[in-house]
Structures are given as structure tokens and as C-alpha cells.
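This briefing walks through strand pairing, the nonpolar core and a handful of individual residues. Please keep the sequence and the model side by side while reading.

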Amino acid sequence: MGIGECAIISLKTLNSLFEDRSVGAVLVFENVRCVVCGEPVSVKIQKTSGGYGFLNGIILEPSGSLYLAKCVNCNGSREATGT
Ligand SMILES: [Zn+2]
């Protein structure tokens, strides 16, 4: 499945997403498929003073327009913070 090739979404990508969409402080990805277990997960990314905080899982760096996630169960931690 090439899971090892998937990197967490980069700060650069996050910055452009937040700029493009005028989403305010929270960006929500609804029903993104977890690359490990295949379950749909809704991940929230919250802008913080030091970077970004992920809720419910993490979003991986997109290839093209396709977004993939890792849910909390597969990511192995409840929270990851982009720095
Ligand atoms: Zn999963």
C-alpha cells in the first residue's frame, strides 16, 4: 500500500490551505479515508500560536487533489502537532 511513503501534511501545504479557504482557525476534512484501516475519518486541523493541532487523526501530504488521513487508532497517538 505504500503507507511508508506517506508524510504528514507539510506546514507549507497547511499554510496555503488556510490562506486559500478563509476558513478561520479550524479546517475540517470530512470523511477522509484512513490509509491504514480504510475507515472514513473526519479530521479537524486547528491553527495554534505555534503551528497546527490535529484532532481525530492526521492528514497526510496530498498527492494531487487526493487527501488521505490516519485515524487516531492507526496513528498511535491522540494528538499530533505540526511544528
Ligand atoms: Zn485507521
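**Strand pairing and hairpins**

- V26 stands opposite Q46, a residue of β2, where helices (H or I, at least four residues) and strands (E, at least two) are DSSP runs numbered from the N terminus.
- This is a predicted model, in which local features need pLDDT of at least 70 and side-chain atom pairs count only at pLDDT 80 or more, whereas totals for chains, interfaces and linings use all residues. Residues are numbered from 1 along each chain as its sequence is written.
- Strand β1, which covers residues 26–33, pairs with β2 in the antiparallel sense over six bridges; two strands are said to pair if DSSP finds at least two bridges between them.
- R33 has P40 of β2 as its bridge partner, and the hairpin of β1 and β2 has six residues between the strands, with G38 taking a positive phi near 80°.
- The pairing of β2 with β3 is likewise described as antiparallel, over five bridges, and these strands form a hairpin with two residues between them.
- Within β3, L55 is the bridge partner of K44, while G53 is the residue that Q46 stands opposite.

**Overall composition**

- The secondary structure of the protein comes to two helices and six strands, and read along the sequence the pattern is α-β-β-β-β-β-α-β.
- Of the 83 residues in the protein, buried residues make up 19%; a residue is buried if 20 or more other C-beta atoms lie within 10 Å of its own, exposed if 12 or fewer, and partly exposed in between, with C-beta atoms placed from the backbone.
- Among contacts in the protein with a separation of 6 or more, 53% join residues 24 or more positions apart; two residues are in contact if their C-beta atoms, placed from the backbone, lie within 7 Å.

**The nonpolar core**

- The largest nonpolar core has 14 residues, and those with the most contacts inside it are V32, V41, V43, I58, I59, L60 and A69. A nonpolar core is a set of buried Ala, Val, Leu, Ile, Met, Phe, Trp, Tyr and Cys residues joined through C-beta atoms within 7 Å.
- At least two residues of this core are supplied by each of β2 (40–48), β3 (51–55), β4 (57–59) and β5 (69–71), and the largest share, three residues, comes from β2.
- As general background, nonpolar side chains tend to be buried together in soluble globular proteins.

- F29 is found in strand β1 and counts as partly exposed because 19 other C-beta atoms lie within 10 Å.
- The C-alpha atoms of F29 and S42 are separated by 5.4 Å, although these residues are 13 residues apart along the chain.
- Once its neighbours within four places in sequence are left aside, F29 is in contact with S42, V43, I59, Y67 and A69.
- C71 has its place in strand β5 and is classed as buried because 21 other C-beta atoms lie within 10 Å.
- Between C71 and I58, which are 13 residues apart along the chain, the C-alpha separation is 6.5 Å.
- With its neighbours within four places in sequence again left aside, C71 is in contact with C34, C37, E39, V41 and G57.

**Positive phi outside glycine**

- N31, a residue of strand β1, has a phi near 50°, a positive value in a residue other than glycine, and N31 is exposed because 10 other C-beta atoms lie within 10 Å.
- N56, found in the loop between β3 and β4, has a positive phi of about 80° although it is not a glycine, and N56 counts as partly exposed because it has 18 C-beta neighbours inside 10 Å.

**A loop proline**

- P62 is found in the loop between β4 and β5 and counts as partly exposed, because it has 14 C-beta neighbours inside 10 Å.
- P62 and T13 are 49 residues apart in sequence and 8.7 Å apart in space, C-alpha to C-alpha; leaving aside its neighbours within four places in sequence, P62 is in contact with T13 and Y67.
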